[in-house]
Amino acid sequence: MPETKPRRRESEAVRRAQLLKAARKVFRAKGFDSARVAEIVREAGVAQGTFYLYFPSKGDAAIALRNGLMETMASEVATSLDSATSFEDQLETLVAATFRVARQNADLLRLTFIGVDETHPELHSESAEHTSILSTIVKLFKSAIDAGDMEAGDMEAMEPEITARLVIGLLQHTVYEAFVFDDGKDAAALEQGVSLLLRNALRRSSG
C-alpha cells in the first residue's frame, strides 16, 4: 500500500503529459482560438471530464505549454552558458541557445505570441521560468562587469537587470521575427545579426 501515492502521482504526471501533447497537436493544427477541448480529449483518447481534472480551461493548457517552453529555454541557456569561456563566447552562446530552442518549438512560439494580444493577456504573463532566464542573464552581466569584460558606461543606465530585460526583449522579438512572422528562412541571418549587435553593444572596448 505505501506505493499507492507515488504510483498515483506518476500516473497523474503521465496523463497530464498526454493531455499536453494532444493539446499541442491540436493548437498547432487549429490555432488557439479555433481549438476545442473536445478535440484535445479526442486526440488524447480520454473522456472530456478527465481534461478538467488537470486544466480548468484550454487556456490553462496553453499556459502550461508556454511554461514548458520557457523551462526548456531556461535550462538550455544555463547549460550552454556554463560551457562557454569568454564573455564574447557567452553572448554568442546565449543567442545560439535561444534560437536553437525556438527553432525546435516554433509552434509553441506562435502559441505564446497570441498572449501579446489583449484578448489573451493570461498567456503573456511572466512565468517563474522567465524569471529564471532573467536571473541567469543578470548573473552573467554582473560577472562580466566585475571582470571588466562588459561595457559599464553610465552604471545607472547599464544596470545589469535593466540590460538583461532589454536583451531578453530583443531576443524574444527576433525569434518571433524568425519563426512566427516568417517561416525560418531568414533565421540564420537574424541570429547572426543579433549576436553581432549584442557583442558590439556590451563588450568593453579594448581601446
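Alanine 62 is buried, with a relative accessible area of 1%, where buried stands for under 20% relative accessible area, exposed for over 50% and partly exposed for the range in between, computed with a 1.4 Å probe on protein chains only. The model is a predicted one, in which local features need pLDDT of at least 70 and side-chain atom pairs count only at pLDDT 80 or more, while totals for chains, interfaces and linings use all residues. Residues are numbered from 1 along each chain as its sequence is written, and side-chain values use heavy atoms, with hydrogens and water left out.

Alanine 62 belongs to helix α4, which covers residues 58–83; helices (DSSP runs of H or I, at least four residues) and strands (E, at least two) are numbered from the N terminus. Leaving aside residues up to four places away in sequence, alanine 62 touches Phe27, Phe32, Leu111 and Leu123, a contact being heavy atoms within 4.5 Å. Threonine 112 lies 50 residues from alanine 62 along the chain, yet their C-alpha atoms are separated by 8.1 Å.

Of its 207 residues, 42% count as buried, and among the contacts with a separation of 6 or more, 68% are between residues 24 or more positions apart.

The pockets come next. A pocket is an open set of points on a 1 Å grid over the protein atoms alone, where a 1.4 Å probe fits and protein lies on both sides within 12 Å along at least five of seven lines, and its lining residues have an atom within 4 Å of a point. The largest pocket has a volume of about 500 Å³, and of the 23 residues that line this pocket, Met70, His130, Ile168, Gln172 and Tyr176 are the closest to its centre. Two or more lining residues come from each of α4, α6 (106–113), α7 (128–146) and α8 (160–179), with α8 giving the most, seven residues.

For the second largest pocket, the volume is about 240 Å³, a volume being the space filled by probe spheres set on grid points that are joined across faces, edges and corners. Its lining consists of 13 residues, and Leu81, Gln90, Lys139, Leu140 and Ser143 lie nearest the centre. Helices α4, α5 (87–104) and α7 each supply at least two residues of this lining, the largest share, five residues, coming from α7.
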